[in-house]
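Subject: Structure handover

Hello,

Here is the structure I promised to pass on. Please load it before you read the rest.

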Amino acid sequence: MTVGGSNAPESAAPSAPRMGPWTLSGPFALSPMADFTCWPLRLLAQEFGAAFSCTEMVKAKFVAQRHADTLNSLARHPGERLVGGQICGGDPDELARAAGIVAHELGFPFVDFNIACPIRRVVSEGAGGGLLADPPRVERLVRILVEAAAPAPVTVKMRSGLDEQNITAVEVAQAAEAGGAIAVALHPRTVRQGYGGRADHEVVKAVKAAVEVPVIGGGDMRSAADAVRLLRETGCDVAYFGRAATGQPWIFRHAMALWRGEEASPETEAGAWLNVFQRHVEGLLEHWDERTAILHTRRLAREYAAACPGGPESSAARRFYERHKQVESRAQWEDAMAATAQDVSGAGDLQQPTV
Ligand SMILES: Cc1cc2nc3c(=O)[nH]c(=O)nc-3n(C[C@H](O)[C@H](O)[C@H](O)COP(=O)(O)O)c2cc1C
């Protein structure tokens, strides 16, 4: 079964990676991100070539209790193909119940187990990144998840370790594999690093050398070239795009082109940039209530301003962000869009960075 984004002729591309029962459409995927990877972004990423994506992390406990907000975070669009429902927890019963709900009731193709979350409260409960200190427990929990989710497979998202003195990624990945995970994804920062400092891609390489299952590497993927370089330098099977994809989902198209050895076709045409933003926000308005969607839109505008065709420092980018950063309603957002569309039709400023 081939799933994911655009389907290139098989011969034109290096061989497509496999993950469990799937032959992926390519080696790039959308990394789970709280507040960002709800279905509007996931759907755009898929359209531009992401092979799969994941929901943001939800707590197994709340899934098991069927909290309305949690279930809403797990909403999918009918057009989505390969997407994992990501759960986090340390209690075997809660994890088993949550995995069953995610796989069987909500129908996710796979369940992703988060052992990466660096939030102090989560770590201190022995969940998320807290599990990185205990590979045998990871193996036991993954085994429980695999049984509960079957026939849907389980993947694991992890970090390098708790801190620089405790890099456990290899042992944890091996434990996940022994427990039956079909793939491991690695954000190669420690829990202590949070999102700062540098991602250490040597750890991705070490994990790739230590397990048979596909390895999804990531961390600091700022461009298509970064992702292709990660694949080549570490040998990992899939590159996960995180922050860079939030305001430029077309990055998957660039990455696929580069990976296939084609000339990259930058999505910097101003009308296209605005059109993708419009569709993204319309998705948010469909998914969330108006107030929540508009709050997300403000944050998203910062990401899209950074990807503005005229450059992030151009006056067009600044005007775009200024117009959006305080929108209060759908009507105000539509006004901001109309004004930006004027900029786009006037072109010049959007094509030339203004210093
Ligand atoms: C705002 C934000 C929210 C995130 N939420 C999650 C999450 O819910 N689950 C998860 O596994 N990782 C989460 N991550 C980590 C990303 O999936 C990714 O591994 C990390 O950002 C490294 O990739 P990057 O440097 O390319 O952004 C989050 C990252 C950010 C920036």
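Below is what was found, topic by topic.

First, a caution: this is a predicted model.

**Domains**

The protein chain splits into domain 1 (2-260) and domain 2 (270-350). Taken over C-alpha atoms, their centres are 29 Å apart. Domain 1 puts 13 residues into the contact, and domain 2 puts in 12 residues. On the side of domain 1 that touches domain 2, helix 1 (residues 39-48) gives the most, with 5 residues. That side of domain 1 has 9 nonpolar, 3 polar and 1 charged residues.

**Core**

The largest nonpolar core holds 114 residues. Phe 28, Ile 87, Val 111 and Val 184 have the most contacts inside it.

What does Phe 28 touch, leaving aside neighbours within four places in sequence? Its contacts include Gly 49, Ala 50 and Ala 51. Further along the sequence, they include Ala 227, Val 238, Ala 239 and Phe 241. Phe 252, Ala 255 and Met 256 complete the list.

Phe 52 is a buried loop residue to look at as well. Its loop runs between helix 1 and strand 5 (53-54). Phe 52 has 31 other C-beta atoms within 10 Å, so it counts as buried. Phe 52 and Leu 231 are 179 residues apart along the chain, and their C-alpha atoms are separated by 16 Å.

**Ligand shell**

There are 20 residues around the ligand. Which of them come nearest? They are Ser 31, Met 57, His 187, Gly 242 and Arg 243. By class, the shell has 9 nonpolar, 7 polar and 4 charged residues.

**Helix 8**

Helix 8 covers residues 201-210. Its buried residues are His 201, Val 203, Val 204 and Val 207. Seen down the helix axis, these buried residues fall within an arc of 145°, so they line one face of helix 8. The face turned away from the buried side carries Glu 202 and Ala 209, which are exposed.

Several elements cover the buried residues of helix 8. Among them are three strands: strand 9 (154-161), strand 10 (183-190) and strand 11 (215-217). Helix 7 (169-179) and helix 9 (224-234) are also part of the cover.

**Backbone points to check**

Most residues other than glycine have a negative phi, and most peptide bonds are trans.

- The peptide bond from Ala 150 to Pro 151 is cis, with omega near 10°. Pro 151 sits in the loop between helix 6 (135-149) and strand 9.
- Arg 66 is not a glycine, yet has a positive phi of about 55°. Its loop joins helix 2 (60-64) and helix 3 (68-73). Arg 66 has 12 C-beta neighbours inside 10 Å, so it counts as exposed.
- Asp 220 is not a glycine either, and has a positive phi of about 65°. Its place is in the loop between strand 11 and helix 9. Why is Asp 220 partly exposed? Because 17 other C-beta atoms lie within 10 Å, and partly exposed falls between the exposed limit of 12 or fewer and the buried limit of 20 or more.

**Two serines in loops**

Ser 223 lies in the loop between strand 11 and helix 9. With 16 C-beta neighbours inside 10 Å, Ser 223 counts as partly exposed.

Ser 329 lies in the loop between helix 14 (315-324) and helix 15 (330-346). Is Ser 329 buried or exposed? It counts as exposed, with 11 C-beta neighbours inside 10 Å. Not counting residues up to four places away in sequence, Ser 329 touches Glu 290 and Ile 294. Ser 329 and Arg 143 are 46 Å apart in space, C-alpha to C-alpha, and 186 residues apart in sequence.

Best wishes

Technical notes: Residues are numbered from 1 along each chain as its sequence is written. This is a predicted model: local features need pLDDT of at least 70, side-chain atom pairs count only at pLDDT 80 or more; totals for chains, interfaces and linings use all residues. Helices (H or I, at least four residues) and strands (E, at least two) are DSSP runs, numbered from the N terminus. The arc is that of the directions from the helix axis to the C-beta atoms. Two residues are in contact if their C-beta atoms, placed from the backbone, lie within 7 Å. A residue is near a molecule or strand if its C-beta atom, placed from the backbone, lies within 6 Å of it. Ala, Val, Leu, Ile, Met, Phe, Trp, Tyr, Cys and Pro count as nonpolar, Asp, Glu, Lys and Arg as charged, and the others, Gly among them, as polar. A nonpolar core is a set of buried Ala, Val, Leu, Ile, Met, Phe, Trp, Tyr and Cys residues joined through C-beta atoms within 7 Å. Domain bounds come from an automatic or database domain assignment.
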